[in-house]
Amino acid sequence: MTLNETTTTQTARKAMIDSQLRTSGVNEEFVLARMNVVPREAFLPEDKASLAYIDRAIAIDAGAHLASPLFYGKLLLEAAPSASDRALVVEGGTGYLAELLRPLVSDLTVISAEDAVEGSKLKGTYSLIVVDGAIEELSQSLTDALEEEGKIVSGLLLRGVTRLASGRKIAGHLSLEPVEDLGIPILHAFDQPTEWTFS
């Protein structure tokens, strides 16, 4: 990478923080620090790297995505990770969210959306689960993987609208409660089964 490219991406990253995050209420230092040092362009194919700091999600081949900076900022803010957390990232296909979270927790496991739904690769339980996308319904495998009083933060598809949502597991019960409307790519592995009806 040339000095000019480095300067350009650093400028773009600062503009992302100042114009997309701070203006939307994301001001916590740990969030801004992580999003300032992790280069979004490094998690995109070369032909899409120039789009890294736009304020929208970027679709990648095979259904993967890099969600908008605001989604990641709000997700980290809502998750409030701690150094004692054993965390699980349900991946959206780029590895960016895992890299943001990695130094903020004690242990990090990354799994695909398909494997999270299927469940066989989930080992043990986690105090924090973050999902890199919007889901239509929680899978039983994810509910089982969250420890008692553990927290999950995810996108949620509700009546055709995506929202940031979070929940805590209390007495074995877990549900996602909407936090705010936000444009979030959908992870179709979590789609509800189609129900057949007769007219």
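Is Leu 156 buried or exposed, and what is its relative accessible area?

Reply: The model is a predicted one, and the values below are computed from it. Leu 156 is buried, because its relative accessible area of 9% falls under the 20% limit. The residue belongs to strand 6, which covers residues 146-158.

The contacts of Leu 156 show what surrounds the residue. Leaving aside residues up to four places away in sequence, Leu 156 touches Ala 134, Ile 135 and Glu 136, and also Val 161, Thr 162, Arg 163 and Ala 165. Leu 176 and Pro 178 complete this list of contacts. As for Glu 180, this residue is 24 residues from Leu 156 in sequence, while the C-alpha to C-alpha separation of the two in space is 10.0 Å.

Ser 141 lies in helix 6, made up of residues 140-145. Ser 141 counts as buried because its relative accessibility, 14%, is under 20%. The side chain of Ser 141 reaches the backbone oxygen of Val 117 at a distance of 3.1 Å. Val 117 is also among the residues that Ser 141 touches, together with Ala 116, Gly 119 and Leu 122, when residues up to four places away in sequence are not counted.

Finally, the second largest pocket holds about 210 Å³ of space. It is lined by 14 residues, of which Gly 63, Gly 92, Ala 113, Glu 114 and Leu 187 are the closest to its centre. By type, the lining of this pocket comprises 6 nonpolar, 6 polar and 2 charged residues.

Key
Residues numbered from 1 in each chain as written. Predicted model: local features only at pLDDT ≥ 70, side-chain atom pairs only at ≥ 80, totals over all residues. Heavy atoms only, no water. 1 Å grid on protein atoms, 1.4 Å probe; cavity = no way out; pocket = protein on both sides within 12 Å on 5 of 7 lines; lining within 4 Å. Points joined across faces, edges and corners; volume = space filled by probe spheres on them. Nonpolar A, V, L, I, M, F, W, Y, C, P; charged D, E, K, R; others polar. Helix = DSSP H or I, 4+ residues; strand = E, 2+ residues; numbered from the N terminus. Buried < 20%, exposed > 50% of the residue type's maximum accessible area, 1.4 Å probe, protein only. Contact = heavy atoms within 4.5 Å. Polar contact = N/O pair within 3.5 Å; in protein donor to acceptor, adjacent residues only side chain to side chain.
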